[in-house]
Amino acid sequence: MAGAFWGMVTNEAEAHVATIGQRARELERIALQLADAVGSAHWEGPDAQDFRDRAQQVDADLARAVEDLDGRGRQLEEHIDEQEQASDPLGYFAEQIFDMFGFGGPDPLQSLSTLGAPESPYDIDGDDIAPIGEDRISRPDNAVDPETPADLMTNLQQSANASTEDAQNIRIQQVVGPDGKSTYVVYVPGSYGPEFSRVAPGTPDRGANPFDWNQNYGAINGQSTDSSRAVAAAMEAAGVPHGSDVVFVAHSQGGAVANNLAGDPSFNAPNRYNVTDVISVGAPVDGSGPLDGTTAMNFNHQTAMDEHGNVFLGDPVPETDGLRAVDPIIPKGYQESQERYEIGLDASRPGGNFGMDNHNIDRYSESITREVAENPHGRTAEYFQSDRMQDILGPDAHVVDSVDVRVSREDGTYEE
């Protein structure tokens with residue numbers, strides 16, 4: 001089998017794998033649209049039933065086609081691995097020898113890591129955040145080494161999935177670029193807890209998770225909140241060195257928090273952290289923003305109509321700051337970065353729940369991937385192809401370490 005693929009250009013093959021995946025996802029979207037159209041049709045009688053039966057058959061055919069495409073993509077990935085092993089026999093056989101003699105273990109690159117648990121629990125008196133010790137920091141086994149914007153969204157979603165009513169999960173990855181310099185990618189999920197529960201200003205916080213819905217009011221208005229203090233504490237406790245380059249990848253309230261931290265001169269400062277980029281999805285960000293020198297790419301779903309006249313509601317959350325999601329108006333006193341952008345992405349799937357379905361991270365992952373593919377010279381594609389982002393996503397970038405930090409409020413600072 002290796003002989004059949006000798007000389008394969010793996011970069012081109014990897015691009016083909018990505019294309020296969022995109023086509024499979026397009027078929028899935030078509031299947032969803034078909035199901036929505038059939039389900040919403042008010043039509044009864046024998047002909048209607050016959051039509052529904054045929055639609056079910058088409059849906060089954062689409063599902064088989066998706067499964068076939070995904071299988072072919074996996075098979076091609078296996079061939080790529082074979083080719084890379086053949087092209088780098090020393091690395092391949094060294095790995096086999098290490099495994100044979102029991103020398104396996106952490107990636108050797110992890111020796112460059114600065115991340116881990118503090119020797120004693122990290123704590124600042126009066127910040128409402130509980131001490132963060134080794135029991136709060138772990139290395140996730142599902143972390144993805146980011147190579148695409150979709151990979152960034154995957155890590156963000158996994159971090160959100162690991163959050164609970166008792167703690168918010170902040171994921172941090174240390175990535176070494178081709179120049180040997182480390183960048184720390186910090187993933188900040190959104191609000192956690194019952195929606196619209198006790199969110200009025202001045203009402204008690206509902207639990208131990210510092211990203212509860214009460215924090216939205218302050219975050220949207222550019223204020224320091226328990227959620228922003230939680231992110232800062234997670235970075236300190238995990239060992240992100242002061243002076244390091246930091247990229248935030250964030251969703252919803254997390255996006256507002258990330259923009260606020262990037263705009264805080266005591267945080268985004270030479271003696272603290274150098275926030276080079278903020279990538280947010282579905283976030284209300286007009287209450288504050290990053291300092292000059294930080295690039296902020298704030299993505300949001302806008303209401304759109306497809307070629308068949310179907311209207312897909314956009315994400316309502318980015319407009320909760322009182323301004324349109326894509327608005328040239330900057331509030332008075334706004335300290336704006338020269339590279340701050342709000343990028344509207346057309347919703348391409350039904351926005352149920354008054355548009356909140358298009359607030360989901362996976363929907364943004366699909367839309368950003370589609371935008372990059374369809375507009376290779378647009379602002380989004382050029383941004384992710386920029387030298388700074390290729391230091392994280394490029395073929396010569398390497399993830400040294402990944403940690404998850406669970407952050408809670410201090411006992412007694414919230415109401416049970």
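A contact, as the word is used here, means heavy atoms within 4.5 Å. With that criterion, Val 231 touches Ile 170, Val 186, Val 188, Phe 211, Phe 248, Val 257 and Leu 261, not counting residues up to four places away in sequence. This is a predicted model, in which local features need pLDDT of at least 70 and side-chain atom pairs count only at pLDDT 80 or more, whereas totals for chains, interfaces and linings use all residues. Residues are numbered from 1 along each chain as its sequence is written, and side-chain values use heavy atoms, with hydrogens and water left out.

The protein has 10 helices and 10 strands, where helices (H or I, at least four residues) and strands (E, at least two) are DSSP runs numbered from the N terminus. Of its 416 residues, 45% are buried, a class that means under 20% relative accessible area, with exposed meaning over 50% and partly exposed lying in between (1.4 Å probe, protein chains only). Among the contacts with a separation of 6 or more, 71% come from residues 24 or more positions apart.

Val 231 is also one of the residues that touch the most other members of the largest nonpolar core, together with Ile 170, Ile 172, Val 186, Met 235, Phe 248 and Val 405. Two or more residues each are given to the core by β2 (168–176), β3 (182–188), α6 (226–238), β4 (244–251), α7 (253–262), β5 (273–281) and β10 (398–407), and α6 gives the most, with 8 residues. A second, separate core of 24 residues includes Met 153, Val 185, Leu 345 and Tyr 383.

Strand β10 is largely enclosed by the rest of the structure, because 8 of its 10 residues are buried. Two strands are taken to pair if DSSP finds at least two bridges between them, and β10 is joined to β2 by 9 bridges in an antiparallel arrangement, with Arg 171 standing opposite Asp 404. Strand β1 (residues 137–138) also runs antiparallel to β10, through 2 bridges, and here Ile 137 stands opposite Val 405.

A salt bridge requires a side-chain nitrogen of Lys or Arg within 4 Å of a carboxyl oxygen of Asp or Glu, and a search of the whole structure finds 12 of them. Asp 226 forms one with Arg 229, the closest N and O atoms being 2.8 Å apart, and both residues lie in α6, 3 residues apart, about one turn of the helix. Asp 226 counts as buried because its relative accessibility is 4%, while Arg 229, at 28%, counts as partly exposed. Asp 226 also meets Arg 409 in a salt bridge (2.7 Å, N to O); Arg 409 lies in the segment after β10, so the pair ties together parts that are 183 residues apart in sequence. Asp 212, Asp 226, Arg 229 and Arg 409 are linked in a network of salt bridges.

Elsewhere, Arg 340 forms a salt bridge with Glu 342, with 3.1 Å between the closest N and O atoms; Arg 340 counts as buried at 8% relative accessibility, and Glu 342 does so at 17%.

Technical notes
Core = buried A, V, L, I, M, F, W, Y, C linked by side-chain atoms within 4.5 Å.
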